[in-house]
Amino acid sequence: QVQLVESGGGLVQPGGSLRLSCVASGSIFSINAMGWYRQAPGKQREVVAFITSSGKTNYADSVKGRFTISRDNAKNTVYLQMNSLKPEDTAVYYCNQVIATRREDPFYVYWGQGTQVTVSS
């Protein structure tokens, strides 16, 4: 079994920063892409950023220049550095990782449980 555990959410004032982490544990053979999504109250879940196994990144237009996604393959961890936070960034943030548990198995998408980020004065 594979588990993803997120951390780093919380309450921050507008203009502040937070760093989210997402660690995968369990039976892991290989990890492909990793990503962050968010869901605000009454809205659909949307992609925030993702990073490929080769390190190529992609961001939603709303966070470009403010958020940075990175990964540490040795630690099975993906990070999201969030700077210049705005009230509209308030949401539950979810990570996912595309993981194969054995050499002969296909890759599946695993999700974390979500962490609340609230931007408010």
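Modeller: Two strands pair if DSSP finds at least two bridges between them. Strands are DSSP runs of E with at least two residues, numbered from the N terminus.

Colleague: What makes S5 and strand S6 (residues 57-59) a pair?

Modeller: S5 and S6 share 3 bridges in the antiparallel sense. The definition asks for at least two, so S5 and S6 pair. One of the bridges joins Ile 51 to Thr 57 in S6. The two strands form a hairpin with 5 residues between them, and Gly 55 in that turn has a positive phi of about 95°.

Colleague: What is the source of these values?

Modeller: This is a predicted model, in which local features need pLDDT of at least 70, side-chain atom pairs count only at pLDDT 80 or more, and totals for chains, interfaces and linings use all residues. Residues are numbered from 1 along each chain as its sequence is written, and side-chain values use heavy atoms, with hydrogens and water left out.

Colleague: How do you know that S4 and strand S5 (residues 46-51) pair?

Modeller: DSSP bridges are the test again, and S4 and S5 have 5 of them, in the antiparallel sense. Gly 35 has Phe 50 in S5 as its bridge partner. The hairpin of S4 and S5 has 6 residues between the strands, with Gly 42 in the turn at a positive phi of about 80°.

Colleague: Which sense do S7 and strand S8 (residues 77-82) pair in, and over how many bridges?

Modeller: S7 and S8 pair in the antiparallel sense over 6 bridges. Arg 71 is bridged to Val 78 in S8. Here the hairpin has 4 residues between the strands, and Asn 76 in the turn has a positive phi of about 50°.

Colleague: Why is the pair of Tyr 37 and Trp 111 called edge-to-face?

Modeller: Aromatic rings (Phe, Tyr and the six-membered ring of Trp) pair with centres within 6.5 Å; planes under 30 degrees apart are stacked, over 60 edge-to-face, the rest tilted. The centres of Tyr 37 and Trp 111 are 5.0 Å apart and their planes stand at 65°, so the label is edge-to-face. A search of the whole structure finds 1 aromatic pair. Tyr 37 is in strand S4 (residues 30-39) and Trp 111 in strand S10 (residues 108-111), 74 residues apart.

Colleague: Why is Cys 22 called buried?

Modeller: Cys 22 has a relative accessible area of 0%, under the limit for buried, so the word applies. Cys 95 is also at 0% and is buried.

Technical notes: Buried means under 20% relative accessible area, exposed over 50%, partly exposed in between (1.4 Å probe, protein chains only).
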